[in-house]
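Welcome! Here is a short tour for someone meeting this structure for the first time.

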Amino acid sequence: MRKLFLALLSGFLLAFSWPEIGVFPILFFAFVPLLILEDELQNSNENKKGRKVFWFSFLAFFIFNVITTYWVYHATLFGAISAFLVNATLMATAFYLFHKIKITSKNRLGYFSFIMLWISMEYVHLNWGLSWPWLTLGNGFANVPDIVQWYEFTGFLGGSFWVLLMNILIFRVVQTKNVKAIVLPCLLLILPLLFSFCLIPNMTNEE
């Protein structure tokens, strides 16, 4: 029941962090329940851990897809269902592969692989026949462009990197219960914001 709750929580947090639905700061901790779920499964004595990681994460990402892109059914119901299933499968596969790498390596490499796998998945998803750009994490700041002016250097995938790294750092704070560890995610949140606000006057002068 706890694992189901964590999966559902991540799904709804992701959905309600999205533009026009919720508030963007939720993005910075929306993956934390799933990361807790994965860590608990890895350290448990349960069988078929990888399969459970996949299906619980699939549930979370399916909820994310349905709530944020439900409008596709107005064009085609079959297409909408197919898109929900394909997108959730791709996201869950990236999360599953992260779990497998984390099991066979040190935690730092495992969490780094999570970022790389997810961004690679987003990149591929943007550049193949079934391109689906709406749920790229970096697009979660669409309503607040002033805070991501640095996209001119990194593109919106830089925003995805920001979101994923913030989630990992916040998860580590929750996991270790070390109050001092909150300093790093705070810096990672504040510095890009300051840099972005510094870029705004330059853009105004250029205009």
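The structure holds zero disulfides, a disulfide being a pair of cysteine sulfur atoms within 2.5 Å. Cysteine 186 takes part in none, and its nearest cysteine sulfur, that of cysteine 198, is 19 Å away. Cysteine 198 is likewise in no disulfide.

This is a predicted model, where local features need pLDDT of at least 70, side-chain atom pairs count only at pLDDT 80 or more, and totals for chains, interfaces and linings use all residues. Residues are numbered from 1 along each chain as its sequence is written, and side-chain values use heavy atoms, leaving out hydrogens and water.

The table uses relative accessible area: under 20% is buried, over 50% exposed, and in between partly exposed (1.4 Å probe, protein chains only).

| Residue | Relative accessible area | Class |
|---|---|---|
| Tryptophan 71 | 35% | partly exposed |
| Cysteine 186 | 36% | partly exposed |
| Cysteine 198 | 52% | exposed |

Tryptophan 71 sits in the loop between α3 (49-69) and α4 (77-104); helices are DSSP runs (H or I, at least four residues), numbered from the N terminus.

Now for the inside. Which residues touch the most other members of the largest nonpolar core? Among its 59 residues, they are Phe31, Leu35, Phe61, Phe114, Trp118 and Phe141. Such a core is a set of buried Ala, Val, Leu, Ile, Met, Phe, Trp, Tyr and Cys residues joined through side-chain atoms within 4.5 Å. Leaving aside neighbours within four places in sequence, phenylalanine 61 is in contact (heavy atoms within 4.5 Å) with residues including Leu14, Phe31, Met91 and Trp118.

Technical notes: Helix = DSSP H or I, 4+ residues; strand = E, 2+ residues; numbered from the N terminus.
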